[in-house]
Amino acid sequence: MPASALWALDLLGRVHTLSTSGQSWELCRDAPLDFKRVSATSQCCWGLACDNQVYVRVAAGDVPIRLREEAYENQRWNPVGGFCEKLLPSDRWPWSDVSGLQARPLDGVALPSPHWEWESDWYVDENFGGEPTEKGGWTYAIDFPATYTKDKRWNSCVRRRKWIRYRRYKSRDAWAKIPPKDDPEQLPDPFSDLSVGGWEVTDEPVGRLSVWAVSLQGKVWYREDVSHPNPEGSSWSLVDTPGEVLQISCGPHDLLWVTLWEGQALVRQGIERNNPKGSCWSLVEPPVPEVGIMHVAVGVHVVWAITKDRKVWFRRGVSSHSPGGTCWMEMVGELLMVDVGLRDQVWGVGCEDRAVYFRQGVTPSELSGKAWKVVAAGRESDRSHSGSQSSLVSAGCFFGDEVRGSGESSAPSDTDAPTEVDGLGPLHGPRSHAGDPQPGPGGAAEGRASLASPPAELPWTHIDLKEPPEGPGPATAGPPGPATLASMGLLPLGLEEVYGTDEHPLWAWVSGGGCAVEAHSAPQWVTGLPGPSPSVQALSLSLTPAQTATWRKQIFQQLTERSRRELESFRHYEQAVEQSVWVKTGSLQWWCDWKPHKWVDVRVALEQFTGHDGVRDSVLFIYYVVHEEKKYLHVFLNEVTALVPLLSEARPSCALYTPERTRQRWPVRLAAATEQEMNDWLALLSLSCRESQKVHGRPSAQALWSATCGGDVFVSEPSLGLEAPEHPLPCDQLFWWQVGGHLRLVEANSRGVVWGLGYDHTAWVYTGGHCGGCFQGLPSGTSHIYPQSDVRSVHIYENQRWNPVTGYSSRGLPTDRYMWSDASGLQECTKASARPPSLQWAWVSDWHVDFSAPGGTDQEGWQYASDFPASYHGYKTMKDFVRRRRWARKCKLVTSGPWLEVAPIALSDVSIIPESPEAAGAGHSVALWAVSDKGDVLCRLGVSEANPAGTSWLHVGTDQPFASVSIGACYQVWAVARDGSAFYRGSVSPSQPAGDCWYHVPSPPKQKLKQVSVGQTSVYALDENGNLWYRQGVTPGYPQGSCWDHVSNNVRRVSVGPLDQVWVIADKVQGSHGLSLGTVCHRTGVQPREPKGQGWDYGIGGGWEHVSVRANAIRGSRRGSQEMGEQGPSRGPVQGGSALQEAPRGPVRC
């Protein structure tokens, strides 16, 4: 997981951050003023400075924040001068917005604040609905407003064209002052509090935030239009309240609470996607009527409060349907303030000791947590000062504003103050340090504080930034300690503190909205684990890497020499060869091969035996009973081509494939009673299959990678005859073995660089291991295994039909689909019956309306159509008699694998250059392109075999969001936009990795593309209807090509390799038991004179989602392929007779 940060303010108003990957607080030195409040998210932090003005600090990133400005030029035709800007009095403005109601001249569009800058000048957008327009970008219509077309007709009386210009936000990693309103009379009062949240209310616009503020007069203000493309927002709007507000707290979702000066709390009702400001307030009484509420903090499902007597309270029964909750529950401890961060984790500041506390044990089932734990982290200045102090002391020199005698001050004695510490109550002694025992959950101290700690209370009343404070008193007898500047009563120049350098800072405010603490990888300042001792640190610093390598080499040589001497006396003995048989038995369920197909109880036995030659082989026996007759079937594991876990809501199951059963589309399916039992069998069978196939170690750099619909990652080693021109190896003979982890797609190249993307758009890079999860391998494969998680959404559909009496209702016709169903409508799925994809997944959210359904939705999430099933759209017409609404619920999987996360940008597609063996690619970095989840095109810099994760992202500007990108072996970059249009990037090279400009390539007629893949010279694209297209006429002189040629249909995914080999994931592949979805297929007959190939060879499937052959640069020879054809199976590729129908081939252009 990428590092996140905790934000806090000390007593002086200085802003500090504490990273989950760090160990000390870091001071934000660029803060223009001292701050009173901060409210953080994962991408930005809002603050309220001492001048009562609001500031925002947006984190820097490789992807710039860009916002597109649009203006439309409108013209009307007249018989004299043709099209001109002379419009009718009833027409729109000559320069207007998209509606035509607002005048928008180009010179009248100004930057909203000094924190923006123009990226370029105005230019015409020549893209219209995914198709390039004629020169000039004009679109035509009969009148204003109407439906515009790119073609001019005889009745086209008006025309318009769109001008665009991008502005870029430049104040990143800096505090930017939010500009006030333009009207001085409408200026809000000076603010006293603010809170940021609402990022989980909706996904559109991207990164939308709800920023709330409270003025000194007790009024509540809301910042409009705050989102990722517009981090400053537009204006402040006043929200009426029934009383004067003291403090406000906004949660990530729809919770908003405020406290009143009278001690009550108000809850905002009606916050939703289309109304982020809510509709009304409801009153909540304090837990104790005599003691009012002073402070509240809200999350997704929790509300915490602090009363005026510093007691901490937890609100029960809080949810989206009941934002006010049911009752209060008192918690242990006393806090000054509390804040709820990500995943409802709780942070607070102690009342007396002013320390930052973290609530341990907060889980979805126990939202109140278990205990408070102090955040044991020092300041960044402590480490640097400790080193400088020791060096100064050793040198016998002290520098300060004045020189004092040694008798004026001395170190405090061990007996100057008690050592017992209360967890959250009044402090009776010095506070504990980062490595000291921490207070327990009940408030009593579980250990002793450091004896050398100074008192926690301030030793003076007036802060003098020039004069250091006097010592607490004369020295007493005690063990001598190392002298420090603090013990001498001196401070270094520039170190003006209200507390000593060896004392923790005193905090006034904390914000955890951008900090996520994982239970399996909690930071050290939460766990309290002690660091290495000074002696160990000194030892590690004294040994250089070269010395360590020499030391290891000497030990290895000594061990080798000792083994040789010990074996010298036994050379005349005959070598012993173990011949053994090992059997594992168990009870499983088997999906029988005959009708009626059902699960039957069977006994299974895995027999492993070792021959005289030391080769180990295995056989799996399945014993079943038919008509009271005992029978069995057996599977030789050296014939197994894949062992695949299956997605099943009812029982854990797996499938064993062999070449024969792959051709039949009927694998051996086994199920276990528990998930642990299934994992044990999967681990054992997987290791046995790899031993039988003699597959050891990590995958080679030429390996084929794939992913199933369930997110399981598989890899296969190609042979010399796989891409042979004649008699290629049938792809159903390939052995696929599973690699740990969970990914949606995997891309690789022949230099060993492998990247993967999860369902939550997280990017991962391969580390070299080959185990993880439930799979255990060789000892060498257990290294480089790291925790991995993934999040995906489960969708169900609510269907309704219109009738004249009640309108749209859940009463459908007898022939209609289920009123709650899956996407096909054939299976009934309700909120109560829907389950995660498998037992390994766990729900992490509630059901919510999904507004991102393809085709668009209305404000309530409905899509309309004339009947079931049909093409759905997001608006209602007179002919729409049915409608549907998609509901989504997120689930999470936690596993492990040889993958490391590449933070912090979420990606939707990635492509690595497929380098051929002839290419001298070792001298330059590996070209890698990607598309972010927001549609930005990125180029990764610094990618190599030694550093496969790269160093940084380079943003490539586009005029619209993109969906897919692919880079070929000759640095030809193709991409597909979200509107289905294709683009080619010119002048891409190792010296110019981002190229210079985009060229718009027309899409196939009446088709919208969704994916593109580029090989050595071939370009293939896939449209939304599953049609596979080949780009004709691609030459070095004309890399955009001339036209699209149809190849096949029923294709889900395409991958083109460095040899121009073509592999796809196909649907509706015919088999002996019906149609198979998600089958790996290989295009045969691909040659320079026949780049489209001739037929399809069907491999493993179904249930496959992705395949990548872009790392396989092994070119098979004709002789090798003939020899392999004589030795291997004689079955040739299957051509015709399947759902993958061939298109008539046109002329070939080479």
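User: Why is Arg-167 called buried?

Analyst: Arg-167 has a relative accessible area of 7%, and buried means under 20% relative accessible area, exposed over 50% and partly exposed in between, with a 1.4 Å probe and protein chains only, so Arg-167 counts as buried. This is a predicted model, in which local features need pLDDT of at least 70 and side-chain atom pairs count only at pLDDT 80 or more, while totals for chains, interfaces and linings use all residues. Residues are numbered from 1 along each chain as its sequence is written, and side-chain values use heavy atoms, with hydrogens and water left out.

User: What makes the approach of Arg-167 to Glu-69 a polar contact?

Analyst: The two side chains come to 2.7 Å, and a polar contact is a pair of N or O atoms within 3.5 Å where, within protein, one must be able to donate a hydrogen and the other to accept it, residues adjacent in sequence counting only if both atoms are side-chain atoms.

User: Why is the pair of Phe-621 and Tyr-623 called stacked?

Analyst: Their centres are 6.2 Å apart with 20° between the planes, whereas rings of Phe, Tyr and Trp (its six-membered ring) pair if their centres lie within 6.5 Å, and planes under 30 degrees apart count as stacked, over 60 as edge-to-face and the rest as tilted. Phe-621 is buried at 17% relative accessibility, and Tyr-623, at 40%, is partly exposed.

User: How do you know that Arg-884 lies over the face of Tyr-872?

Analyst: Arg-884 is at 3.9 Å from the ring centre, and a charge sits over a ring if NZ of Lys or CZ of Arg is within 6 Å of the ring centre and within 35 degrees of the ring normal.
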